[in-house]
Amino acid sequence: MNKLWGMVILALYGASAGAVFARTAELAANTASAQEHTDTDKKQLSQNIKVAHCLAASRPAPWQAPNLPLGLVEIVSDDVELIGQDSAQFDGNVNINTRTMSLQAQSALIDKQQGLLNATGPLTYRDGVSKITSRGLNASLNDSNISLLGADYQLTQQQGRGGAEQLQVNEDALELSNASFTTCPVDSETWAISADKIILSQKEGWGETYGATLKIYDTPVLYLPYFTFPIDDKRKTGFLAPQISSSNRFGVETITPYYINLAPNYDLTLTPRYMSKKGIQLQSEFRYLTPSSQGLLGLEYLDSDKSERELGNRYLFHWQQQSYFSDVWRAGVDITNVSDDNYLTDLNSNYANKTDTHLARTGILTHWGERWRTDIQLQDYEVLGDHLESYTTLPRIGFTQTNAYKLGWFDASVSGELSHFRNSTRTIDEATRVHIEPQLRFSEERYAWSFLSEFSVLHTYYDQQGNLEGTQYEQTVNRTLPKVRLYSQLNFERDTSLLVEDGIQTLEPQIQYLYTPNKDQNNIGLFDTTKLQDDFYGLFRDRRFSGVDRIAAANQITLGATTRIFDKQNEELFNLSVGQIFYLSDSAKPTEQDFAGENNYNALFAGEAMWHWHRRWYLSGGIQYDTDGKQIIQSHVTLDYKGDDNELVQLNHRYANDVSGNTIEQIGMFTSVPIDDNWQFVASYHRDIETGRSIEVFSGLQYESCCWAVQITGRRQIETDLNQSINQEQAIFDSGIGIKFVLKGLGGKSSYDAQKLLREGIFGYRRPYFLTN
């Protein structure tokens with residue numbers, strides 16, 4: 001500011017009057033042009049942004065600095081009178097412009113000797129952060145302070161406006177006496193703060209109030225001697241938006257987050273959570289960022305659950321970190337631990353889903369070399385519910401060749417691992433596994449076709465410790481199996497008018513031959529192996545199980561094909577993929593290789609399809625069918641409509657003939673419907689056809705205006721309890737309502753996306769192109 005007003009004096013007394021006061025007509029023309037440009041920008045903004053009304057009502061258009069050279073000040077008025085050598089009086093339509101501010105007034109007096117500028121109004125002062133109208137202005141040219149009387153102000157870089165008996169402007173802040181502040185538009189002032197003193201610091205990004213009263217619709221509701229609030233996105237210690245709800249399980253529930261800005265690179269959020277039926281839970285989250293790492297630590301603690309006192313203290317611990325030490329060294333940690341199996345389903349958490357069946361505890365160190373990638377991993381799973389505990393991997397050292405050796409037409413590579421497993425509750429309480437897998441690979445790719453051949457040797461050594469006497473397990477096992485895979489694909493293309501004019505249809509037939517000899521592997525324990533999904537994409541995998549404890553016999557041909565239809569903009573409108581495995585020997589059939597009691601099918605047909613016949617409509621589905629047993633194994637179908645302004649509807653059906661011995665058949669619906677520019681309605685409903693009852697009902701109503709927002713939700717869903725074994729007929733339902741109320745400008749930055757409400761349920765809405773993931 002010293003520099004600014006110094007330039008005024010320099011321009012006034014260091015240049016001729018003609019140089020200072022000339023170009024009045026040109027300035028007026030430039031001003032009209034700038035106004036026209038601003039009006040055009042506003043019109044475009046209104047067309048592109050639905051909430052333009054909020055911006056126009058609550059925030060004036062950003063001030064556009066005149067195109068002036070640095071150091072030049074333009075002063076334009078109807079009349080000017082030089083008073084001696086030290087003062088000048090400007091009268092009638094006074095305009096003072098620099099590259100950093102503008103002032104319009106009826107008259108202005110500059111006194112160089114006393115270092116003062118006095119202007120009378122009505123006047124308008126503008127700079128890069130505010131627009132102020134006032135009846136008078138007094139500025140000290142020596143200490144850079146400006147005082148305005150009877151001022152009304154508006155912030156231009158964020159929402160915020162108000163008035164004050166006196167307003168002082170300095171380099172860092174606006175200081176207001178007997179003032180008000182709100183983020184609401186003039187014609188809809190839902191809330192406002194009246195205070196003895198308000199300081200709005202653009203530099204700090206926060207406001208301070210002294211002797212403040214919060215008014216809702218001009219009615220005082222709360223008096224606060226002192227508090228702070230954000231005026232931009234900068235972080236500062238303070239309360240975040242609270243939430244209130246009520247349910248059968250928790251009773252009356254209040255959540256009040258308190259944010260602590262410890263340093264620019266780490267912070268802490270403490271959240272007391274009061275539940276009338278369970279007690280007070282303390283949730284904490286510590287986030288940190290270093291030059292090489294980023295992560296968070298989460299801790300949730302409930303001293304004593306009033307509804308289940310036999311469980312004692314209940315807690316959750318979560319640690320997540322990603323580290324990048326150099327271009328070749330990386331590390332990661334992901335650990336979640338709970339006090340009891342039912343913690344997630346009973347208390348909920350942001351760090352895991354209440355439908356999770358296990359929690360991972362993993363640490364990994366990775367090295368990326370020019371030819372090799374090496375992973376050193378420690379891994380454990382906490383299995384939730386009444387199930388056998390999994391093995392702890394301490395450690396797993398895996399290596400993969402990322403840059404193969406060239407042997408003529410072939411690529412030669414080696415991969416493998418060294419793993420050590422422990423579990424004191426299993427028959428095999430400790431085991432070491434060494435796996436080596438050399439491979440020769442030949443591939444050729446063209447626009448119209450591709451071919452791949454692989455020959456691998458899978459050698460695995462096991463050292464298994466425990467009480468093995470009288471069991472099928474052996475202490476030392478060496479297993480060596482060859483594997484041959486041949487895969488080819490053709491790509492056909494033609495013009496088509498099917499489903500679309502001037503379209504293109506592709507046909508992509510695929511064939512794969514896979515061979516692995518049959519070998520009895522029952523003398524090996526199951527340490528990290530499970531059956532993989534039998535969908536269309538799984539038909540062309542070279543293995544049926546994760547891990548290497550079981551290598552499925554194979555002597556089979558897989559046939560499949562995909563057809564796609566594209567419009568002339570190359571957008572995919574339709575696809576259909578079908579395939580089936582044909583076994584060439586009885587020993588390779590899945591029914592001959594029983595795995596942990598899993599159902600196996602010798603004639604598995606799988607298909608996936610998608611139809612996007614309109615830019616707003618999607619239909620997708622998939623099926624797995626046993627052609628021998630003439631039964632559907634799994635299926636899903638989903639119909640989606642996605643309109644403008646968060647408008648969506650989804651109908652879905654899912655079926656599985658065997659999920660832990662139960663048949664599952666469910667239908668569901670998600671919808672999000674904008675009622676008008678401010679109101680949004682969301683709902684979901686799922687029904688179990690097998691039991692003939694609803695399993696989840698959820699609805700929510702959201703209102704969002706320029707300066708406040710509220711979400712009201714209600715839900716009824718099955719209350720899962722992993723500490724007990726409850727069958728379908730004994731299921732208990734939990735019902736509840738919730739409310740979230742935010743005064744914009746008085747809390748942290750929040751998102752009011754209605755679709756997020758739909759993802760909070762058991763099933764959770766997913767966008768159409770994620771349905772088959």
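**A walk through the predicted chain**

Of the 773 residues of the protein chain, 43% count as buried, where buried means under 20% relative accessible area with a 1.4 Å probe, protein chains only. This is a predicted model, in which local features need pLDDT of at least 70 and side-chain atom pairs count only at pLDDT 80 or more, while totals for chains, interfaces and linings use all residues. Residues are numbered from 1 along each chain as its sequence is written, and side-chain values use heavy atoms, with hydrogens and water left out.

Start with the fold. The protein chain holds six helices and 42 strands. These are DSSP runs numbered from the N terminus: helices are H or I with at least four residues, strands are E with at least two.

Next, the cores. A nonpolar core is a set of buried Ala, Val, Leu, Ile, Met, Phe, Trp, Tyr and Cys residues joined through side-chain atoms within 4.5 Å. The largest one has 45 residues. Leu 103, Leu 137 and Phe 181 are among those with the most contacts inside it. Leaving out residues up to four places away in sequence, Phe 181 touches residues including Tyr 153, Trp 191, Leu 200 and Phe 229. Another core, of 13 residues, lies apart from the largest one. Met 275, Leu 296, Leu 302 and Leu 344 are among its members.

Now the cavities. On a 1 Å grid over the protein atoms alone, a cavity is a set of points where a 1.4 Å probe fits but cannot get out; lining residues have an atom within 4 Å of a point. Grid points are joined across faces, edges and corners, and a volume is the space filled by probe spheres set on the points. There are two cavities of 30 Å³ or more. Of its 30 lining residues, the closest to its centre are Arg 543, Arg 544, Phe 545, Ala 552 and Gln 556. Strand 31 (503-516), strand 32 (554-566) and strand 33 (572-583) each give two or more residues to this lining.

Ala 588 lies between strand 33 and strand 34 (604-614). Ala 588 counts as buried because its relative accessibility is 3%. Beyond its neighbours within four places in sequence, Ala 588 is in contact with Ala 553, Ala 554, Asn 555, Tyr 583 and Gln 593. Asn 518 is 70 residues away along the chain, yet its C-alpha atom is 6.9 Å from that of Ala 588.

Technical notes:
1 Å grid on protein atoms, 1.4 Å probe; cavity = no way out; pocket = protein on both sides within 12 Å on 5 of 7 lines; lining within 4 Å. Buried < 20%, exposed > 50% of the residue type's maximum accessible area, 1.4 Å probe, protein only. Contact = heavy atoms within 4.5 Å.
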